[in-house]
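Here is a quick tour of a model, with the sheet, the cores and a few individual residues in turn. Have the coordinates open while you read.

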Amino acid sequence: MCGRYASSRRPEDLAGVFEVEKWEPEETLEPDYNVAPTKEVYAVLDRPLKDADSPRPVRQLRRLRWGLVPSWAKTPEGGARMINARAETVHEKPAFRRAFAARRCILPADGYYEWVTGRQERELEVEGKKKRPRKQPYFVLPADGSVFAMAGLYEFWRDRTLPDDHPRAWWVTCSVITTEAERTPLAAAPAEGPHSLAEIHPRMPLMLTPDRWDAWLDPSRTDPDDLRELLAPPPAGLMRAYPVPTAVSNVRNNGPELLKELEAPEEGTLF
């Protein structure tokens, strides 16, 4: 799954990487090293500009709220539960199938966090000596340091309790598509710890390699079978993972120190 990630790159840098044609400086977000559901995040999408003379899709960098609210929802309260969409069923689930056909995006990140229950902690849990095992967070990122381009969906939701000119009348929300985690060895596995993404968690965000960006963002592509071919996992060996301070487990903590690479899992969380 993807329940937390880091996004620290500047919008002008993201615009260059994804060949963005339009982004508004007033929509700039501060670097966020602990992105959690319901926060505003950057998204790259292709969509015609509002009130433009041409219907041509324009590549934009936009701010969206993480946690998809379907257009037909009566309230936005379920959005926090729809932060992920499974690649295997995204084309058929009522909450996601319309967005999958017409409103796809890329959610750029530095990488994502996942938590592992350490071997010693698991043993205590099995013996009934500890009910809440301590978990070691890992940061997963491209081994070459490039942007982690997560496949995403976005949706519009109208709050009917507000007038048309209210700034919160329309919500634009998004979800990260996930797939089965890789079982192949990590590009740089830690000496102590998991050696594949599947040993960290059975699911992972679906990373889109650059050769799929244009096709994924193209709103003219609407055939579900055609689109599902783009959901194949990326080639093996592109990712690495390393243990980070347990401070990231508290969503109130935020700063580059959360990405500090530890030489080994913290005491009591050995894999």
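Which residues have the most contacts inside the largest nonpolar core? They are Tyr5, Trp66, Leu107, Tyr112, Met150, Tyr154 and Leu197, in a core of 32 residues. A nonpolar core here is a set of buried Ala, Val, Leu, Ile, Met, Phe, Trp, Tyr and Cys residues joined through side-chain atoms within 4.5 Å. Buried means under 20% relative accessible area, exposed means over 50%, and partly exposed is in between, using a 1.4 Å probe and protein chains only.

Before going on, note that this is a predicted model: local features need pLDDT of at least 70, side-chain atom pairs count only at pLDDT 80 or more, and totals for chains, interfaces and linings use all residues. Residues are numbered from 1 along each chain as its sequence is written, and side-chain values use heavy atoms, with hydrogens and water left out.

Back to that core: the elements giving it two or more residues are S3, S4 (58-66), S6 (104-109), S7, S8, S9 (148-158), S10 (170-180) and S12. S9 gives the largest share, four residues. Helices (H or I, at least four residues) and strands (E, at least two) are DSSP runs, numbered from the N terminus. There is also a second, separate core of 31 residues, which includes Leu61, Ala95, Leu206 and Leu208. As background, nonpolar side chains tend to be buried together in soluble globular proteins.

Now the sheet. Five strands form an open sheet in the order S2-S1-S7-S8-S12, with antiparallel pairing. S2 (32-35) and S12 (239-243) are the edge strands; each has a single partner strand, so one side of each is left without a neighbour in the sheet. From one strand to the next, the twist averages 30°; axes are lines fitted to C-alpha atoms, and angles run from 0 to 180 degrees between N-to-C directions.

Strands count as paired if DSSP finds at least two bridges between them. S7 (residues 111-117) and S8 (residues 135-142) share six bridges, while S8 and S12 share five. Phe139 in S8 is the bridge partner of Tyr113, and Phe139 in turn has Tyr242 in S12 as a bridge partner. Trp115 stands opposite Pro137 in S8. Seven of the eight residues of S8 are buried.

| Residue | Relative accessibility | Class |
|---|---|---|
| Asp46 | 13% | buried |
| Arg65 | 24% | partly exposed |
| Thr38 | 39% | partly exposed |
| Glu19 | 61% | exposed |

Asp46 lies in S3 (residues 40-47). Its side chain makes a polar contact with the side chain of Arg59 at 2.9 Å. A polar contact is a pair of N or O atoms within 3.5 Å; within protein, one must be able to donate a hydrogen and the other to accept it, and residues adjacent in sequence count only if both atoms are side-chain atoms. Leaving aside neighbours within four places in sequence, Asp46 is in contact (heavy atoms within 4.5 Å) with residues including Tyr154 and Leu217.

Arg65 sits in S4. Beyond four places in sequence, its contacts include Thr38, Glu40 and Trp171.

Thr38 is in the loop between S2 and S3, with a positive phi near 80°. Glu19, in the loop between H1 (11-17) and S2, also has a positive phi, near 55°. Most residues other than glycine have a negative phi.
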